[in-house]
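Please look through the sequence and the 3D view that follow, and keep both at hand while reading this report.

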Amino acid sequence: MKKNAALVFLITFMITACKKEKAEPVKPAFDSVAAEQSANEDLKVNKGCYMAVSDEDTTYLRLEDNLGTVIGKMKSSGKDKISADLTGLSAGDTLKLTLMPDNGAQKEIWFLKNDGGLQEATGKYDAAGEYYDDYSKVTFGDGKNYKNADCETVSNILK
């Protein structure tokens, strides 16, 4: 009888063990669309187009800020004609850029972000005219005031 009881117990144990299904580990829900949107927001490139009018000159400016690295293009018509590429850095509300005209010269130019536009810095340049002579004397108040402009229009002008 002990043998029969042990045999019944063994058969019951084996049947229950065979019927048990392996439980699949619970995978956390992953929304690839939400993850992609989140990543795109983190890597969002801030684009802006601006225009400044002073006397007979109109200056157009297009900038792209990608996590503090700024690139862009500037074109001015009138007596101070210029067509140039811009590169530089964004530090808080200040853009510190290098203006590189088609003629190969370089010039440092700063902007202050204000009220959705940009205020160009003024200051004395070094003898070569490339860099501000004394950064502590650079001011934002007397330079050109750039207002937001339609990017499609500005891009067509900058071509």
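Is Leu 67 buried or exposed? The model is a predicted one, and in it Leu 67 has a relative accessibility of 60%; because exposed means over 50%, Leu 67 counts as exposed. This leucine is found in the loop between strand 2 and strand 3, and its C-alpha atom is separated by 8.5 Å from that of Asn 46, a residue 21 positions away along the chain.

**The chain as a whole**

The protein chain has 159 residues, of which 26% are buried. It holds 3 helices and 8 strands, and, read from the N terminus, the order of these elements is α-α-β-β-β-β-β-β-β-β-α. Among the contacts with a separation of 6 or more, 30% are between residues 24 or more positions apart.

In soluble globular proteins, nonpolar side chains tend to be buried together. The largest nonpolar core in this model has 15 residues, and the members that touch the most others are Leu 61, Leu 63 and Phe 111. Two or more residues are given to this core by each of strand 1 (46-54), strand 2 (57-66), strand 3 (69-77), strand 4 (82-91), strand 5 (94-101) and strand 6 (107-114), and the largest share, 3 residues, comes from strand 5.

Which residues does Phe 111 touch, if those up to four places away in sequence are not counted? Its partners include Leu 61, Met 74, Leu 95, Leu 97, Leu 118, Phe 140 and Tyr 146, and also Asp 93, Thr 94, Gln 119 and Glu 120.

Met 100 is found in strand 5, and at 27% relative accessibility this methionine counts as partly exposed. Leaving out residues up to four places away in sequence, Met 100 touches Ala 84, Asp 85, Leu 86, Thr 87, Ala 105 and Gln 106. The C-alpha atoms of Met 100 and Ile 82, which are 18 residues apart along the chain, are separated by 9.8 Å.

| Residue | Relative accessibility | Class |
|---|---|---|
| Cys 49 | 3% | buried |
| Met 100 | 27% | partly exposed |
| Cys 151 | 32% | partly exposed |
| Leu 67 | 60% | exposed |

**The disulfide**

The model contains 1 disulfide, which joins Cys 49 to Cys 151 with an S to S distance of 2.2 Å. Cys 49 lies in strand 1 and Cys 151 in helix 3 (residues 151-158), so the pair ties together parts that are 102 residues apart in sequence. The torsion about the S-S bond of these two cysteines is about 110 degrees, and the disulfide is therefore right-handed.

**The largest pocket**

What volume does the largest pocket have? The value is about 270 Å³. The pocket is lined by 16 residues, and those closest to its centre are Leu 99, Lys 107, Ile 109, Glu 120 and Lys 144. Strand 3 and strand 6 are the elements that give two or more residues to the lining. Sorted by class, the lining consists of 7 nonpolar, 4 polar and 5 charged residues.

Note on methods: Residues are numbered from 1 along each chain as its sequence is written. This is a predicted model: local features need pLDDT of at least 70, side-chain atom pairs count only at pLDDT 80 or more; totals for chains, interfaces and linings use all residues. Side-chain values use heavy atoms; hydrogens and water are left out. A nonpolar core is a set of buried Ala, Val, Leu, Ile, Met, Phe, Trp, Tyr and Cys residues joined through side-chain atoms within 4.5 Å. Buried means under 20% relative accessible area, exposed over 50%, partly exposed in between (1.4 Å probe, protein chains only). Helices (H or I, at least four residues) and strands (E, at least two) are DSSP runs, numbered from the N terminus. Contact means heavy atoms within 4.5 Å. A disulfide is a pair of cysteine sulfur atoms within 2.5 Å. On a 1 Å grid over the protein atoms alone, a cavity is a set of points where a 1.4 Å probe fits but cannot get out, and a pocket is an open set with protein on both sides within 12 Å along at least five of seven lines; lining residues have an atom within 4 Å of a point. Grid points are joined across faces, edges and corners, and a volume is the space filled by probe spheres set on the points. Ala, Val, Leu, Ile, Met, Phe, Trp, Tyr, Cys and Pro count as nonpolar, Asp, Glu, Lys and Arg as charged, and the others, Gly among them, as polar.
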